[in-house]
Amino acid sequence: MKITFDWLKDHLKTNLKEKNLLEQLTNIGLEVESVESLSSDNQLFKVAKIIKTEKHPNADRLKVCDVNVGEKELKKVVCGATNASEGLITIYAPPGAIIPKTNTKLEIAKIRGVTSYGMLCSESELNLSDESDGITELSKKYEKNIGKSYFSKSKSNLIDLSITPNRPDCLGVKGIARDLAASGFGSLIASKEKKIKLKTKQTLKVKINKEKGQGCSAFGSCLIKNVKNTESPQWLKDKLISVGQKPISAIVDITNYVMLDINRPLHAYDADKIEKGIIVRNSKSGEEFTALDNKIYKLEKGMCVISDNKGVLGLGGIIGGTRSGTEFDTKNILLESAYFDPRSIRNTAKKLNLDTDAKFRFERGIDPLSIETGLKKAASLIQEICGGEVSKIDIQKIESYKTKIINFDVNSFENIVGFKISEKEIQRILTDLGFIIKKKKNSLKLIVPSWRPDISKQIDIIEELVRISGYDKIKTIDPIKDRSKSTLTQTQRLFHFLQRAIASKGYLETITWSFTDQSYNNHFREAGKEIKIVNPISSELGVLRNSIFSNLIMYMSKNLDRGFKDLSIFEIGPVFTGSKPGEQKTVVCGLSAGKKSRLSWIDKERNIDLFDAKRDVVQTLSEAGYHSDQFFIDSKTPNYYHPGKSGRIFLDHKKDKVAAYFGEIHPNILKKIDIKTENLIGFEIFLENLKLSGKTLKDQKLKFSVSDFQKSERDFAFVVDKNVEAQELISVISNVSPNLISNIKVFDVYEGENIPDNQKSIAISITIQSSEKTLNDKDLEKINNSIIETVENKTGAKIRS
Amino acid sequence: MSDLKKIKDEFISKLKGKLDLAELNQIKSDLFGKNGLVSSQFKKIGTIDASERKKFASDLNIIKDELQDLINLKINEIEKANINEKLEKEKIDVTLPERSFVRGKIHPVSQTIDEISSIFSEIGFSVEEGPDVENEYNNFTALNTPDNHPARDMHDTFYLDEKKERLLRTHTSPVQIRTMLKDKPPFKIIAPGRTYRSDSDQTHSPMFHQVEGLHIDKNINMGHLKGCLNYFIKEFFEVKKIKMRFRPSHFPFTEPSAEVDIGYEIKDGKIIIGEGDQWLEILGCGMVHPNVLKNVKVDPTKFQGFAFGIGIDRLAMLKYGINDLRAFFDCDYRWLNHFGFDPLDVPTNYRGLSR
């Protein structure tokens with residue numbers, strides 16, 4: 001909402017300064033977004049006329065225009081607008097002018113070899129509208145203004161307010177003045193209604209169809225005959241321009257002025273173009289009309305339209321149609337002032353993807369009792385400027401406005417807000433805001449002003465009172481440092497533990513978006529459901545990620561392109577299994593590329609490999625309190641891992657839920673993504689699959705006991721079939737004599753010479769120690785034999801002699 | 001001259017020469033070996049006259065000790081020299097680089113979340129979470145934002161179905177709803193997490209982070225809200241004093257609602273929080289709307305309280321001098337390394353939030 005202090009003063013009597021105004025606006029919740037100076041700079045923009053256009057010698061799309069800017073000589077201006085044509089009256093900016101939209105200073109410039117002295121401006125470049133095609137087109141009436149400044153001399157700055165959606169009343173200057181006055185900033189000037197004679201009858205019949213979902217509950221109108229539509233007088237033009245609006249013609253300008261002044265949208269029809277009468281009805285499916293934005297809209301069933309016998313004239317409260325629009329030669333006007341249901345407006349505008357000023361206002365709620373005020377205000381101005389006879393006002397209604405009444409408990413204010421204001425002050429504020437108050441025994445009976453659709457409850461009154469009293473009056477009550485519940489749950493603690501445990505192993509934590517590129521996602525989706533976003537910001541971000549790998553690989557690739565070769569990154573976050581709330585899992589996903597050591601004077605160079613990832617995962621899990629000697633590992637992994645060089649980890653032999661995967665990323669994926677690195681190793685840890693013991697770590701620990709009896713280390717080499725896994729040997733050995741075998745370590749794996757094909761030799765060092773005595777040779781011999789015998793029997797291994 | 005004296009003189013003179021380890025060992029064996037000169041003398045003791053035996057034995061032992069000590073001394077000298085010589089050769093250039101190491105880092109957003117949790121933990125808030133995919137009811141309707149409410153336009157929502165029933169949550173406020181539906185009052189929670197809006201430019205990212213706060217009990221009023229946020233901002237920015245301004249605003253799910261600005265100034269290109277006369281908006285808050293409480297079956301005549309929502313990324317940017325929001329999610333190694341935190345730096349109350 002754009003206003004000026006000058007305009008505010010139409011409604012507000014005050015001696016205060018603009019600086020105070022800006023502060024006060026913000027203090028009462030009408031946030032000042034920006035303040036733009038409309039002073040001297042703007043005087044540089046002049047009304048000008050294109051005398052001649054020629055094609056630019058070096059550019060097809062550019063024209064060289066000779067422009068009359070009111071000086072003796074014509075100015076040569078290079079212009080790219082398609083509508084730049086001979087005879088067009090437009091707005092010229094000379095070198096030195098600052099273009100409001102871009103905030104850049106114009107200079108004399110050579111454009112493709114032709115010197116351009118200044119620029120012809122579009123409405124958007126002048127911040128007169130958000131979008132515009134081509135340069136500004138001014139009416140013939142401006143011919144006499146050529147060379148004069150387009151903008152009037154205004155001392156008032158343009159103040160842009162961010163009005164929250166609950167405050168439609170402040171979409172009019174008067175509403176803002178009322179709020180300011182209530183807060184003690186000046187006093188509200190009572191509006192004087194100009195008396196006009198309403199002699200004739202409104203002869204155009206208006207009917208609101210009573211049908212289901214009718215979006216219009218009241219339609220007020222008056223007929224103004226024999227007007228002479230003209231250019232607006234300077235005061236009106238200045239007023240509109242001062243808030244960034246472009247004057248068009250008196251009738252349009254007047255309706256805009258009333259809308260901006262008291263937030264009462266109006267619509268003017270050329271009455272002669274209406275066939276017989278107005279019918280407000282629901283649209284039929286497929287009905288079409290051309291709107292004032294020159295677009296044809298095809299309507300769905302049930303939209304609120306203003307129509308006549310011939311068809312749709314306009315979409316009520318949203319946009320009018322070209323067929324009945326007013327022109328300079330319009331003689332007879334039908335002026336509309338109606339109430340449209342916000343919900344209906346919103347639905348229709350959403351379906352047609354239409355956004356207009358009227359829509360913005362009606363969907364927030366227009367004062368239903370402003371129909372007549374608005375009509376009178378506009379009609380009297382039209383009569384004053386354009387002449388004509390004004391008919392009596394006709395208001396058709398299918399529903400009457402019901403006054404809202406709130407019984408307000410005065411004590412409730414302190415209860416919510418924490419400080420107290422007197423009942424007298426409460427009454428003063430509410431009266432200033434337009435409430436009608438009846439004092440009752442323990443409460444106030446309040447009649448809510450019709451322009452406040454946001455107020456229906458006691459809490460709304462409390463908000464008004466604290467807003468106007470000032471938020472700075474709210475006390476600061478220091479919080480009590482007391483905690484009755486633990487801050488984090490066990491799972492949350494585990495989340496943070498894993499996060500830092502992985503980072504401590506040399507991984508950089510990343511945070512990537514929860515959505516990703518479909519093609520990347522497909523590499524890692526397996527049989528998972530694809531979850532599409534209906535309205536993604538781009539097709540490359542069209543699906544929710546089924547795995548974190550898609551993003552990590554994409555960003556890993558970017559970092560490799562930056563010239564970093566050896567890199568470990570990870571993310572802890574959600575992956576999605578379905579589109580219902582809760583169909584998501586928390587995964588710790590890590591990815592490493594390149595070599596473990598590169599160009600080292602001391603260490604042997606080698607590629608990073610899956611055992612690096614396996615160490616990071618196993619170490620992290622054991623740091624988190626899980627016992628790595630109980631882990632069960634096999635090689636069944638999702639298809640995005642290398643089938644032979646990847647594994648999965650279960651916390652124990654029950655193989656309940658997969659705790660983690662680790663391994664090389666499938667070479668096919670690397671090829672498709674075209675990622676260049678020596679090796680790419682990843683892992684995934686599934687947070688929700690990690691069982692929480694329910695006991696603290698302290699309680700999980702067994703009694704502390706150690707043996708000081710002598711321990712013996714014995715080495716064994718077993719020859720086994722290639723497909724026998726080390727884990728199996730270890731498992732068999734540890735079960736031979738759990739009390740005596742304290743440690744098992746694989747220290748060599750060998751295939752080749754001296755070992756039959758399809759077999760391998762696994763060398764294992766076993767530590768044997770009793771907690772009861774020092775074992776003698778005989779005891780050790782017995783265990784040795786027992787180990788060999790058991791391993792040979794259970795795994796088909798042969799001890800290597 | 002007795003044999004003993006002869007042996008002694010001969011070997012002492014021998015031992016004065018320059019000898020290597022082998023020669024010394026030879027001498028040692030010549031003297032003390034099985035048939036060595038000294039050993040042989042010991043064997044003779046029995047044959048010597050009883051009158052002279054005692055003296056002989058005594059002299060012999062003295063000579064033995066003398067020679068032995070001398071030999072050992074010599075051997076030690078040589079061994080020491082050998083070690084020194086070896087060490088001299090083993091000298092290495094210690095300025096050569098150590099074995100390479102890599103440092104992992106924690107993302108600034110994660111660090112900031114931990115800082116926030118640590119601060120609110122002190123005043124009794126616990127951490128709640130909710131799903132990223134939400135239904136339309138929890139994200140909007142239950143939060144007093146019905147379908148026809150213009151406030152919905154302010155959230156550019158990502159939808160997962162044509163009917164617009166499922167969406168990516170546009171704020172962390174639905175966690176309020178989930179928490180209140182699940183438990184009974186009082187509630188005192190914060191809910192940090194990912195949030196999504198289909199908005200993407202220099203200052204907007206389609207994904208960002210928020211932390212929601214909710215405190216519902218009997219008699220919790222706006223003064224408590226102000227006190228809570230005042231405490232939080234002071235602790236978070238680790239400053240003794242802050243300037244804070246509550247400004248009336250509107251959110252459908254709170255009433256009265258406020259936006260909170262903090263005072264700052266720019267000194268030498270750096271932002272200083274708590275000083276100056278510039279205002280920076282950092283959060284939205286208010287008293288939970290009675291309609292919201294009704295929607296979650298909490299009696300608004302008995303319970304009341306406040307809620308707030310803070311942009312985490314923005315807080316991190318302010319505290320750690322990060323300019324570009326988009327860089328948070330770009331995973332540039334250099335950025336992560338520069339702005340990331342050591343995993344051992346866990347924000348805690350007693351060690352301080354940051355170094």
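This is a predicted model: local features need pLDDT of at least 70, side-chain atom pairs count only at pLDDT 80 or more; totals for chains, interfaces and linings use all residues.

Biologist: Okay. What does H15(A) pack against?

Modeller: The buried residues of H15(A) pack against helix H12 (490–503) and strands E35 (584–593), E36 (595–597), E39 (641–650), E40 (658–665) and E41 (680–686) of chain A. Helices (H or I, at least four residues) and strands (E, at least two) are DSSP runs, numbered from the N terminus. "Buried" means that 20 or more other C-beta atoms lie within 10 Å of a residue's own, "exposed" means 12 or fewer, and "partly exposed" is in between, with C-beta atoms placed from the backbone.

Biologist: Which residues of H15(A) are buried?

Modeller: Leu610(A), Asp612(A), Ala613(A), Asp616(A), Val617(A), Thr620(A) and Leu621(A). They cover an arc of only 165 degrees around the axis, so they sit on the same side of H15(A). That arc is taken from the directions from the helix axis to the C-beta atoms. In general, an α-helix has 3.6 residues a turn, so residues three or four places apart point the same way.

Biologist: And what comes just after H15(A)?

Modeller: Gly625(A), with a positive phi of about 110 degrees.

Biologist: Let's look at E35(A). Is Cys589(A) buried or exposed?

Modeller: Cys589(A), which has its place in strand E35 of chain A, is buried because 27 other C-beta atoms lie within 10 Å. Leaving aside neighbours within four places in sequence, Cys589(A) has contacts including Ile548(A), Phe549(A), Phe570(A) and Gly682(A).

Biologist: New topic: how is chain A divided?

Modeller: Into domain 1 (2–38 + 157–188), domain 2 (40–145), domain 3 (205–397), domain 4 (405–473), domain 5 (490–689) and domain 6 (707–799). Those bounds come from an automatic or database domain assignment. The C-alpha centres of domains 2 and 3 of chain A lie 33 Å apart.

Biologist: What's the strand order in the open sheet of four strands?

Modeller: E43-E44-E42-E45 in chain A, with antiparallel pairing. E43 (741–750) and E45 (798–799) stand at the edges with a single partner strand each, so one side of each has no neighbour in the sheet. To count as a pair, two strands need at least two bridges found by DSSP. E42 (residues 712–721) and E44 (residues 759–768) of chain A pair over ten bridges, with Ser712(A) opposite Ile768(A).

Biologist: Which helices lie across those strands?

Modeller: H18 (residues 726–736) of chain A lies across E42, E43 and E44, at about 150 degrees to E43(A). H19 (residues 777–795) of chain A lies across E42, E44 and E45, at about 20 degrees to E42(A). Axes are lines fitted to C-alpha atoms, for helices over the stretch in contact, and angles run from 0 to 180 degrees between N-to-C directions.

Biologist: Last one: how many residues of chain B are in contact with chain A?

Modeller: 68 residues of chain B, in contact with 80 residues of chain A. The largest share of that side of chain B, eight residues, comes from H8(B).

Note on methods. Residues are numbered from 1 along each chain as its sequence is written. Chains are lettered from A and ligands numbered from 1 in the order in which they are written. Two residues are in contact if their C-beta atoms, placed from the backbone, lie within 7 Å.
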